[in-house]
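Reader: I am new to this structure and would like to know what stands behind the words used for it. Could you take me through a few of them?

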Amino acid sequence: MRNIVLLCLDTVRKDFFDEYAPRLVDGADIVYDGCRAASSWSAPSHASMFTGQLPSEHGVHAYQRDFSVIDREDTFLGELPDYQALGASANVWAGSSFGFDRLFDSFSDVSPDQRFPEGIDVARFGQETEVTGLSRQVAFLRSALAHDYPLKSLANGAAVQLDRVFQRLPFPKPFDDGASLLERELGTQIESSSEPFFGFVNFMDAHGPVHHARGYDRSLHDAPLSWTARTVDLEGRIRAGDEETLGWYRDLYGTSIDYLDRRIIDFVDRIQAATDRETTVVVTADHGNDLALTDEQHWGHNGTRLTEALLHVPLVVLNAPGDHEERETELVSHLELPELLVGLANGECPDITGTEVRAERIGNSGSMEQLEAGEMLPED
């Protein structure tokens with residue numbers, strides 16, 4: 001039995017992956033050029049990747065957003081009973097807030113507002129605290145000092161404040177959007193686990209709004225350091241035909257994928273070095289991203305549409321069992337991902353190509369504000 005690691009590059013579309021992630025493409029034993037996701041936003045797509053079912057079948061969608069309807073036995077992990085399941089995610093939809101952690105033996109939630117998972121979640125603290133200004137800062141300091149992990153709580157608060165300062169300055173953010181933390185968290189779990197194991201990570205660095213961050217290759221874009229998508233009305237820029245601003249966004253999006261490519265190819269080597277068994281790594285994305293590159297002029301992925309840009313995602317296999325150097329051009333569905341992962345665990349490379357793919361979108365994922373308020377949007 002081989003260790004299996006599934007790395008999900010959240011919101012990374014296939015064409016940008018091919019352009020900005022050459023290391024992962026070149027290092028792969030198998031590249032599936034025709035892979036399509038089963039949905040176009042995170043919660044149902046992750047459920048489909050783990051169950052091999054459409055949202056209407058597994059039950060995770062806009063009207064039932066958490067994973068309480070799915071047991072571990074309902075996923076491919078049920079076919080790997082001897083495996084420890086390890087996970088780390090920077091995506092709230094694929095995290096403990098929505099019960100995704102139920103599928104794992106060990107799981108870490110990571111966010112820019114909680115760089116040390118054991119410490120206080122700064123964003124949640126802010127939502128639950130009514131006081132403002134200096135009084136809020138004093139309240140946080142008291143809560144941090146009284147916390148089980150005071151130093152890590154204080155570090156979380158300091159990191160958030162530093163990030164906010166850099167958002168107003170013409171300098172890159174001092175931290176990435178979780179990639180380094182996720183690597184640390186999964187690496188720690190691997191070191192303390194027994195083998196064989198299944199490891200999962202969701203990287204959110206390419207998810208918008210994009211901005212400058214330390215470690216990004218500035219030669220890949222010409223967006224001013226003072227520019228961030230956090231304060232830009234992109235739909236308005238589309239209507240105005242502002243291709244310069246939209247181009248900055250697209251280039252920074254690609255730059256974030258380049259950053260992930262460089263980090264992950266090194267991370268794969270570290271995983272291999274830390275394990276006794278052969279470890280196969282599968283890299284994909286839960287969905288892509290509309291970037292107004294067609295006549296439809298769609299942007300983002302929060303609507304109810306299913307476009308090629310949203311569904312066409314990367315799928316590559318590194319250190320596959322046997323002697324492989326393949327580039328599959330036929331269609332592949334995320335619904336076949338469980339079969340692939342179980343086959344790889346057993347030292348096989350099953351043929352998962354087909355002649356058609358299916359995808360569903362039930363309702364609208366909604367904004368983060370509506371998410372935190374517990375609201376669910378009807379299909380529009």
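Author: Gladly! Let us start with Arg-361: a polar atom of its side chain lies 3.2 Å from the backbone oxygen of Gly-363. This is a predicted model, where local features need pLDDT of at least 70 and side-chain atom pairs count only at pLDDT 80 or more, while totals for chains, interfaces and linings use all residues. Residues are numbered from 1 along each chain as its sequence is written, and side-chain values use heavy atoms, with hydrogens and water left out.

Reader: What makes the link between the side chains of Arg-361 and Ser-40 a polar contact?

Author: A polar contact is a pair of N or O atoms within 3.5 Å (within protein, one must be able to donate a hydrogen and the other to accept it, and residues adjacent in sequence count only if both atoms are side-chain atoms). Arg-361 and Ser-40 are joined at 2.8 Å, so the pair is within that limit.

Reader: Where does Arg-361 lie, and is it buried or exposed?

Author: Arg-361 is in the loop between strand S11 (353-354) and helix H13 (368-372). Helices (H or I, at least four residues) and strands (E, at least two) are DSSP runs, numbered from the N terminus. Buried means under 20% relative accessible area, exposed over 50%, and partly exposed in between (1.4 Å probe, protein chains only). The value for Arg-361 is 8%, so it counts as buried.

Reader: Why is Leu-103 called buried too?

Author: Its relative accessible area is 1%, so Leu-103 is buried. Leu-103 sits in the loop between strand S3 (84-89) and strand S4 (106-109). Its touching partners include Phe-50, Ile-70, Thr-75 and Ala-85, where contact means heavy atoms within 4.5 Å. Ala-85 is 18 residues away along the chain, yet the two C-alpha atoms are separated by 7.5 Å.

Reader: How do you know that helix H12 is largely enclosed by the rest of the structure?

Author: Eight of the nine residues of H12 (residues 337-345) are buried, which is why it is described that way. Among them are Leu-337, Pro-338, Leu-340 and Val-342. The buried residues pack against several elements, including strand S1 (3-9), strand S2 (30-36) and helix H3 (42-51). Just after H12, Gly-347 has a positive phi of about 80 degrees.

Reader: What makes H3 mostly covered?

Author: In H3, 10 of its 10 residues are buried. Those residues pack against S1, helix H4 (55-58), strand S5 (197-203), S6 and H12. Just after H3, Gly-52 takes a positive phi of about 75 degrees.

Reader: Which residues touch the most other members of the largest nonpolar core?

Author: They are Phe-50 and Phe-198, in a core of 98 residues. Helix H10 (residues 243-274) gives the most to this core, with 13 residues. A nonpolar core is a set of buried Ala, Val, Leu, Ile, Met, Phe, Trp, Tyr and Cys residues joined through side-chain atoms within 4.5 Å. Phe-50 touches Leu-6, Phe-76, Leu-103, Phe-198 and Pro-338, among others.

Reader: How do you know that there is a second, separate core?

Author: Six residues form that separate core, including Ile-120, Val-122, Phe-140 and Ala-144.

Terms used:
Lists of a residue's contacts leave out its neighbours within four places in sequence.
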